[in-house]
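Hi,

Here is the structure I promised to pass on. Have a look at it first, and my notes follow below.

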Amino acid sequence: MEHVGAARGARWLMGAGLRPTRQRLVLATLLVGDGKDRHVTAESLHAAASAAGEPVSLATVYNTLRAFCEAGLINEISVDGSRSYFDTRLDDHPHFFWEEEGRLVDAPAADLEIARLPQLPEGAELQRVDVVIRLRRG
């Protein structure tokens with residue numbers, strides 16, 4: 001199964017024009033190797049790499065996640081000024097953020113309606129709209 005995950009990770013990288021270095025391949029396999037969507041922080045991905053016996057520095061994880069974003073492989077979702085999550089699911093969809101747990105999960109996109117957006121500044125082009133719904137247990 002590990003070989004299948006690594007092959008999937010390598011295809012994912014090469015499909016975006018990224019060279020599959022050892023570090024990129026390790027992180028890509030953790031992100032998409034099983035074919036499931038993920039929401040990770042740099043710290044959680046670093047911990048997963050360490051648990052898998054793959055020595056990758058936290059700085060390398062940050063740099064690699066940035067490269068994956070720039071290549072269009074993942075989206076960065078900022079939940080506050082100090083924490084970002086990286087999402088492997090690229091379609092437009094909202095998120096629930098469980099504040100006590102620090103956990104980001106997909107929310108049902110069919111239930112969300114955005115009636116209109118403010119007029120964009122002159123010369124601006126809409127990149128995307130991130131919707132993060134913050135939750136607490138009641």
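So, how many helices and strands does the protein have? There are 4 helices and 6 strands, where helices (H or I, at least four residues) and strands (E, at least two) are DSSP runs numbered from the N terminus. Before you dig in: this is a predicted model, with local features needing pLDDT of at least 70 and side-chain atom pairs counting only at pLDDT 80 or more, while totals for chains, interfaces and linings use all residues. Residues are numbered from 1 along each chain as its sequence is written, and side-chain values use heavy atoms, with hydrogens and water left out.

From the N terminus, the order of elements is α-α-β-α-α-β-β-β-β-β. The C-alpha atoms fill a box of roughly 45 × 40 × 30 Å along the principal axes.

**Helices**

Two packed helices are described by the angle between their axes and the distance between the axes. Here the axes are lines fitted to C-alpha atoms, for helices over the stretch in contact, and angles run from 0 to 180 degrees between N-to-C directions.

Start with α2 and α3: their axes come within 10 Å and cross at roughly 105°. That makes α2 roughly perpendicular to α3 (angles under 35 degrees count as roughly parallel, over 145 as roughly antiparallel, 65 to 115 as roughly perpendicular and the rest as oblique). On the α2 side the contact (heavy atoms within 4.5 Å) uses Val26, Leu27, Leu30 and Leu31, and on the α3 side Leu45, Ala48 and Ala49. By class, that contact has 7 nonpolar residues, no polar and no charged. For the classes, Ala, Val, Leu, Ile, Met, Phe, Trp, Tyr, Cys and Pro count as nonpolar, Asp, Glu, Lys and Arg as charged, and the others, Gly among them, as polar.

Next, α3 (residues 42-51) and α4 (residues 58-70) have axes that come within 9 Å and cross at roughly 120°. That makes α3 oblique to α4. Ala42, Glu43, Leu45 and His46 of α3 meet Leu58, Val61, Tyr62 and Leu65 of α4. This contact divides into 6 nonpolar, 1 polar and 1 charged. Leu45 turns up in the contact with α2 and again in the one with α4.

**Sheets**

β2 and β3 (residues 83-87) run antiparallel and are joined by 5 bridges. Asparagine 75 has aspartate 87 in β3 as its bridge partner.

Another open sheet of 3 strands is ordered β5-β4-β6, and its pairing is mixed. Its edge strands are β5 (103-106) and β6 (132-135), each pairing on one side only. On average, neighbouring strands of this sheet are turned by 25° against each other, direction ignored. Strand β4 (residues 95-98) pairs with β5 in the antiparallel sense over 4 bridges, whereas β4 and β6 run parallel, joined by 4 bridges. Tryptophan 98 has a bridge partner in each neighbour: arginine 103 in β5 and leucine 135 in β6. Phenylalanine 97 stands opposite leucine 104 in β5. The β4 and β5 hairpin has 4 residues between the strands, and there glycine 102 takes a positive phi near 65°.

**Salt bridges**

The structure holds 10 salt bridges, each a side-chain nitrogen of Lys or Arg within 4 Å of a carboxyl oxygen of Asp or Glu. One to look at is arginine 22 with glutamate 54, whose closest N and O atoms are 3.3 Å apart. This pair links distant parts of the chain, 32 residues apart: arginine 22 is in α2 (residues 22-32) and glutamate 54 in the loop between α3 and α4.

Cheers

Technical notes
Pairing = 2+ DSSP bridges.
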